[in-house]
Amino acid sequence: MMNTQIISNSLQSLGISKCYKGYRQLLLSVELALDDESRLISITENIYNPVSVICNCNCNNIERNIRTVAQHTWKVNSEKLSEMAGYTLYSSPSVSELISILVTYIDRNNRMNT
């Protein structure tokens with residue numbers, strides 16, 4: 001799996017701190033998607049469910065907590081989020097879009113640094 005420090009740095013650069021329940025859940029979701037991007041196709045089954053088992057909660061909680069993080073990120077750092085996405089965002093991204101943005105951003109930067 002991808003180095004959690006790289007993911008953590010990316011989350012913190014967006015203003016996502018560890019005080020959010022969704023922080024760890026988003027970090028785990030991004031790790032799973034980086035490990036196998038095809039998980040993004042069926043996000044509930046392939047990402048929310050495994051993360052909910054790890055975090056010992058309902059998969060609806062995972063989606064809600066990450067959505068809260070996405071909305072917070074949009075409020076405090078929408079420019080950085082659009083920069084990471086590589087396109088202009090006009091509203092808070094959905095949970096799956098946020099995960100996809102982070103996966104693409106981390107993967108792109110990882111390739112540039114290798």
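This is a predicted model: local features need pLDDT of at least 70, side-chain atom pairs count only at pLDDT 80 or more; totals for chains, interfaces and linings use all residues.
Residues are numbered from 1 along each chain as its sequence is written, and side-chain values use heavy atoms, with hydrogens and water left out.

**Stop 1: helix 3**

Select residues 43–55, which form helix 3. Helices here are DSSP runs (H or I, at least four residues), numbered from the N terminus. Show the side chains of Ile43, Ile47, Tyr48, Val51, Ser52 and Cys55, which are buried (under 20% relative accessible area; exposed is over 50% and partly exposed in between, with a 1.4 Å probe and protein chains only). What do the buried residues of helix 3 pack against? Their partners are helix 2 (21–35), helix 4 and helix 5 (95–112).

**Stop 2: helix 2 against helix 3**

Two packed helices are described by the angle between their axes and the distance between the axes. Here the axes come within 9 Å and cross at roughly 130° (axes are lines fitted to C-alpha atoms over the stretch in contact, and angles run from 0 to 180 degrees between N-to-C directions). Helix 2 and helix 3 are therefore oblique to each other, since angles under 35 degrees count as roughly parallel, over 145 as roughly antiparallel, 65 to 115 as roughly perpendicular and the rest as oblique.

For the contact (heavy atoms within 4.5 Å), pick Arg24, Gln25, Leu28, Ser29, Leu32 and Ala33 on helix 2, and Asn46, Ile47, Pro50, Val51, Ile54 and Cys55 on helix 3.

**Stop 3: the salt bridges**

How many salt bridges does a search of the whole structure find? There are three, each a side-chain nitrogen of Lys or Arg within 4 Å of a carboxyl oxygen of Asp or Glu.

- Select Asp35 and Arg39: their salt bridge is 3.9 Å, N to O. Asp35 is partly exposed, at 44% relative accessibility.
- Move to Glu63 and Arg67, joined at 2.4 Å, N to O. They lie four residues apart in helix 4 (residues 59–85), so about one helical turn separates them. Glu63 is partly exposed at 24%, and Arg67 is partly exposed at 34%.
- Finish at Lys80 and Glu83, at 3.7 Å, N to O. Glu83 is exposed, at 53% relative accessibility.

Key:
Helices (H or I, at least four residues) and strands (E, at least two) are DSSP runs, numbered from the N terminus.
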